[in-house]
Amino acid sequence: MSKKKQPRNRKANAAAIGKISTPAPSSTESSKYQLPLVWLMPLVAMLLVAIMFLVRRTKVSASPLPTTPPVLDAKFVGAAECATCHEQENSRWRGSHHQLAMQPATDSTVLGDFSHASFDNNGVTTTFSRNGSKFMVRTDGPDGALHDYEIGYTFGVYPLQQYLIAMPGGRLQALGIAWDSRTRERGGQRWFFLYPGQKITARDTRHWTGIDQNWNYMCADCHSTNLRKNYDSRTRTFSTAYAEIDVSCEACHGPGSNHMSWAKKQGDWQKFDATQSLAIAL
Ligand code: HEC
Ligand code: HEC
Ligand code: HEC
């Protein structure tokens, strides 16, 4: 680009200079020749600026850009790591609805009544029971007939708790009968149906075996940390994965590995003045 323009500019300059210099100006004519000079000076200045700009541009694009050290992609480290420095936040998070958003079904996590409690809905009697350490439910399956299912996970804590059941293809399905975990005085401590008065059969998408109650697709994103659905459309199966089962620190704050290595470089940060370390962070 600059190569093409430069000769043309020089030619123009030469022509302009030629125009001024050729006629030997007599003293009476001198004022006549001063006028184009007034016009010419800014023009020459503009040309010079343009040439300088072009030369600079070609120089910049030819030399490599200044290199900055690459920032490593941050990885998820887990709440236990964050807790080593942020104990106060960690203790506030423990026991919160975020931490309890999803848990494996155990004696300490299941709130519902599984001592042969039964619940009638849409002409189906659902029964909740124990089989050793397992939490079982007998209810209508995808074919509409009664089957026994093991509860895999609890979902939420209060004012209700739902239960997830493993189904073929890596699916977890949320049971439509939930536990009202409020106190008895508030009308809780009972099983209830999430769609009261509606006749939802096995063919309905809202039935617990239907797509609307599919955890992988409908719920997991919000209730766990760094969720990857991993759906394979060819085999129509899920191999869903998460960094942490619950809504952990990094679900909100983002993956923390870079922050951690920064913090570790600050040494014993507990002794740090907050304003000082913030200035470093910025
Ligand atoms: C090795 C210690 C260490 C670890 C581990 C650590 N942090 Fe920090 N974190 C710090 C320090 C130091 C600061 C700056 C504190 C300050 O400004 O007072 C900080 C600041 C923060 C802040 C901003 C606080 C503010 O006032 O703006 C957040 C949010 C945070 N950390 C979240 C996390 C999360 C989430 C994790 C886990 C992934 C984590 N930290 C792990 C040391 C650590
Ligand atoms: C868009 C995000 C999002 C999706 C998707 C989602 N949830 Fe939630 N869920 C939340 C939030 C936020 C709360 C807390 C709401 C509150 O306390 O008012 C919550 C609360 C709950 C609770 C109440 C228990 C508690 O401890 O607060 C249950 C049960 C629940 N969700 C089940 C489900 C099921 C089942 C699905 C899928 C069919 C699902 N959620 C999909 C965000 C979501
Ligand atoms: C549901 C989202 C969420 C989760 C989960 C969460 N945080 Fe936070 N965190 C926030 C928000 C929002 C703020 C800003 C609060 C404010 O300014 O009042 C915050 C503030 C902080 C701060 C700054 C200090 C402060 O008190 O203002 C630190 C440090 C922090 N979180 C660490 C953690 C750690 C460690 C965990 C896990 C144990 C965690 N957070 C879990 C959303 C979350």
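Let me start with a term: a polar contact is a pair of N or O atoms within 3.5 Å, and within protein one of them must be able to donate a hydrogen and the other to accept it, with residues adjacent in sequence counting only if both atoms are side-chain atoms. Thanks for coming, everyone.

What we have here is a predicted model, where local features need pLDDT of at least 70, side-chain atom pairs count only at pLDDT 80 or more, and totals for chains, interfaces and linings use all residues. Residues are numbered from 1 along each chain as written, chains are lettered from A and ligands numbered from 1 in the order written, and side-chain values use heavy atoms, with hydrogens and water left out.

First, the protein chain overall. Its secondary structure comes to nine helices and eleven strands; these are DSSP runs, H or I of at least four residues for helices and E of at least two for strands, numbered from the N terminus. Of its 282 residues, 32% count as buried, meaning under 20% relative accessible area with a 1.4 Å probe, protein chains only.

Now to ligand 3. Around it sit Cys82, His86, Glu89, Asn90, Trp93, His98, Val247, Ser248, Cys249, Cys252 and His253, where being near takes a heavy atom within 4 Å. Helices α4 (87–93) and α7 (249–253) each supply at least two residues of that shell. Glu89 places a polar side-chain atom 3.3 Å from an oxygen atom of the ligand.

Which residue is the only protein donor of the iron atom of ligand 3? That is His253, through NE2, at 2.0 Å. Donors here are N, O and S atoms within 2.8 Å of the metal (3.2 Å for Na, K and Ca), and water is not among the atoms, so sites may look incomplete. His253 lies in helix α7, and a polar side-chain atom of His253 is 2.8 Å from a nitrogen atom of ligand 3.

On to ligand 2. Of the 13 residues around it, Val157, Met218, Cys219, Cys222 and His223 come nearest. Strand β6 (160–167) and helix α6 each supply at least two residues of the shell. The only protein donor of the iron atom of ligand 2 is His223, through NE2, at 2.1 Å, and His223 lies in α6, residues 220–223.

A polar side-chain atom of His97 lies 3.2 Å from one. From the backbone, an N or O atom of Val157 lies 2.8 Å from an oxygen atom of the ligand, and one of Tyr158 lies 3.3 Å from an oxygen atom of ligand 2.

Note on methods
Buried means under 20% relative accessible area, exposed over 50%, partly exposed in between (1.4 Å probe, protein chains only).
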